[in-house]
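Open the model in your viewer and keep the selection tool ready. This tour stops at aromatic rings and their neighbours.

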Amino acid sequence: MPNTVLYMFFYQSGPTMTNERPASWRMPSPKQMDKLAREAARRRDVGQPGPAPNYSLPGEPWDAVLANPRAPLADQIVITEKASQAKDVRAAIGSRYGDVLPAEGHLFDLLEPEDVVPAWKRWSPILLRPEGLYGTRPAEGGNKAAKLKAIREALRTAKRVWLATDCDREGQLIGQEILEHYEYGGEVMRVLFTAQDSQTIRDAFDRAKPNTEYSRLYAAAVARRQADQIYNLSLTRTATVILGQGARRVIGVGRVKTPTLAIVCKRELEIRNFVPLAYFEIVATAKVAGGQFQMRHAPQDRIVKPEIAQDVVEAAEGFDGALAVRVEDKRQVPPKLHDLPSLQKLCGSRFGWSASKTLEVAQELYDGQGKKIITYPRAEVRYLPQSLITDVPRIIAGLRVGQSFSTMPVPEPPVIRRGVSGTFYDKGLEGASHHAVIPNVNTIDKLPEVWPRLSFDEKKLFDVIARAYLAAQMPDFRYRQTTATLDVHGFEFRAAGRQPIDLGWRAAFPEWQPADEKGDEAQLLPSLHNGETAQLQDPKIESKETRPPPRYNEGTLIEAMQNAWRFVDDEVLRDRLKEAKGIGTPATRAEIIGGLKKQGFLIAQGKNIVPTETGVSLFDVLKQADPALVDPGVTAQLERLLDDVVLGKQEMVGAIDAVCDVAERIISKLKEGAAAGVPSLLGSAVGDGTRTYPPTPAMKRFADSLVRQKGIKPPPGYKTSISICRKFLSEHAPKKSGGETAGKLDPKSVSPAQLLYAKKLAQGDGLIIPDDARVNSAAMSAWIDTNRGKKRRKVNRKTSNRPVGSAAPQAAPKRSRKRKVNADAASTAPMSANSSRTPLRIPYGNKEVALKLGARYGSGGWYAPPGVDLSAFGERGWLL
């Protein structure tokens, strides 16, 4: 029982109570408090009057609570999203609003299809949409069961619930799904806070609103979750059944995951297929009265013929002419504040961080113990509400205490920009749960004492967020743009430069330089006058080459997911999707990329993200089956429909219907393709132990020599992929008279011993030997080394689990070398026959193939009778 209640009970006199404590008053001891609590419970049981209950209103000080009781604390609870959040809420409000009970993320999962319709347990190409919605069931793992039990018991007596989960759509779902599952009928208040310090939390409880005002946010979360369940499971099962015949694993299809893989694969294929184009540029030195500067030939189209470039050089040599000079004073507003995607992009390019690391560091700055110096990090917009304008002076003053920010020339008063091109824009926050990431106004005064506790990475990220905020309140960057042109016998030469007038917000980024100011654009021009004479000297030809688009890093990939409209060809639809938030959400994009990595579809290559051969194969197969499966534009349209639920432009069921319609159309198209004889996706395409192995050193040396001799550009990946390198050598190596490739191109064939040992590994571990390994000794050695290591690790784990009481085997006496060789040979002998049945695992749809190979089906399932060669089953991964 709360101490305040016990205090009132202890000093109650008659039907009224007094808040005046005697001079000799002291807090009851724990034993007294326990005794008083039991007495209070006894009085309730027998109907005797007890002490006047303790009541509270949001925001009331404790003195007012004691003097003006209203609602019993025992009838209220607070639900938070996680334990650390509950700890911060307790520190801020104590038990004023009842017990603070944490969840542990989602405490409920959706039911599986077979839980709803038992016939759906068998995988088949159908739309798995139940009548109504998928129900929920308690989630497993961690301490979820205990957390749920505590909340469930508290809900039995609670008349009011305060939902204090995260302020986004997912947080709304995490809290409200508990109440919906248990059909809670009491009053529900929603508490939203975008920072996790005590003052912000107390203010949020004071401003709490009825949860009914957030019904659309909850509906959007439910629509997204239900739509993803139906779409992902239906298409995963359909693709696995129709396209995965012979594959040893599920072909996972995700509404967001698969288009994300497609974005990376499309870029990779574009790079691989890129043919560089050589071109030429001409640059000359221009001399004027005030000095000299560089001028560059500016043709309409690139010059690809050297003779044309030479004509320009000859025309420019020693040319005198009048300059056409244009001078303009321009200004540039500061960049927008950061949301999570922009932080992930910047940190990926500047620090080499993964998207998940950026989120992890930001989360620690948000709710880390003794930190809490930024607002909610999973932001999806880059604006602030106008209500936060009053916080600007305090945040600026708090930041400028630090040495890093003290010299920044922030004006007094600061510059406040409103509207779409500014910082404070209420309309830009429509449909968003939280604003841009900024320093926390309620902890900014504690920054000097918090700073020493921050890690190096946390300091770097906070510096990025703080500088963006300060720059947003500083004047525009003003500069003088000078453009000079010179007509050289019909060839136009051009020079441009900027002269800063007022650095403004650029003073917040002393080392930063926009991309459009690099190179010639960044040069400082001497004083130029329109019509003055300039003489060109020393014209030169610069040989250049077009470059393929850069590979994605995690930051730029997230940006591509956010701007999925760029992948749409239809101009009208492109314009509509520009307003959408892309595919995925700020909170899930890093997780989606991480999931594709774990599945072996994407890998990190330095700072870049590239698809594996497995990922490219899966993309190719799905694209051939139905382009909509891998089209980011289609997914972006569906995302927009789900976002419209929050704005009230779309009903929840209507959004789910739209997603189901797309899924059903794709299923029909896949079934039509299967009926027409579209080839299935074999195991090698979805990763069953097959990998891309590097070429031999001899192959790499031979390829490098061809590059030097012929002056040709090698294909990307020729040093890491044996198949790419072999194809390059086959195309460019000199041929013998008989048409064979000269030099040491032909790979060494696989020895019988290698093949025998590889088959044994494949049979034992259920692997498939890659085609490259079957014809190349080096590739086979690499495959054996990789999978032999896996087998050894498995053996070590098995032996380490030997019961404690078992005795260690004694060392066997040394054998002769001859005896050991014979033993090894015996161990590698092929198992052409078995004395008993060998159980098999035959994937759905492979019955005819299995029967032809000698498999049989009995009461215990598929098996190979004695005497049947098991190698064919091992190659397909069908051995148990």
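Predicted model: local features only at pLDDT ≥ 70, side-chain atom pairs only at ≥ 80, totals over all residues.

Ring pairs come next. The model holds 10 aromatic pairs, counted with ring centres within 6.5 Å. Tyr-366 and Tyr-376 make one of them: the ring centres are 5.5 Å apart and the planes meet at 85°, so the pair is edge-to-face. Tyr-366 belongs to helix α13 (residues 355-367), while Tyr-376 sits in the loop between α13 and α14 (392-399). The two are 10 residues apart, and the pair links distant parts of the chain.

Move on to Trp-451 and Phe-462. Here the centres lie 6.0 Å apart with planes at 70°, so this pair is edge-to-face. Trp-451 is in the loop between α15 (447-450) and α16 (456-472), and Phe-462 is in helix α16, so the pair ties together parts 11 residues apart in sequence. Show the surface. Trp-451 counts as partly exposed at 27% relative accessibility, whereas Phe-462 is buried at 0% relative accessible area.

Next, select Tyr-97, Trp-162 and Phe-205 together. They form one aromatic cluster.

Finish with two arginines. Which ring does Arg-498 lie over? Arg-498 lies over the face of Tyr-479, 4.2 Å from the ring centre. Then pick Arg-506: its charged end sits over the ring of Trp-505, 5.9 Å from the centre.

Conventions:
Residues numbered from 1 in each chain as written. Heavy atoms only, no water. Phe/Tyr/Trp six-rings, centres within 6.5 Å; stacked < 30°, edge-to-face > 60°. Helix = DSSP H or I, 4+ residues; strand = E, 2+ residues; numbered from the N terminus. Buried < 20%, exposed > 50% of the residue type's maximum accessible area, 1.4 Å probe, protein only. Lys NZ or Arg CZ within 6 Å of the ring centre and 35° of its normal.
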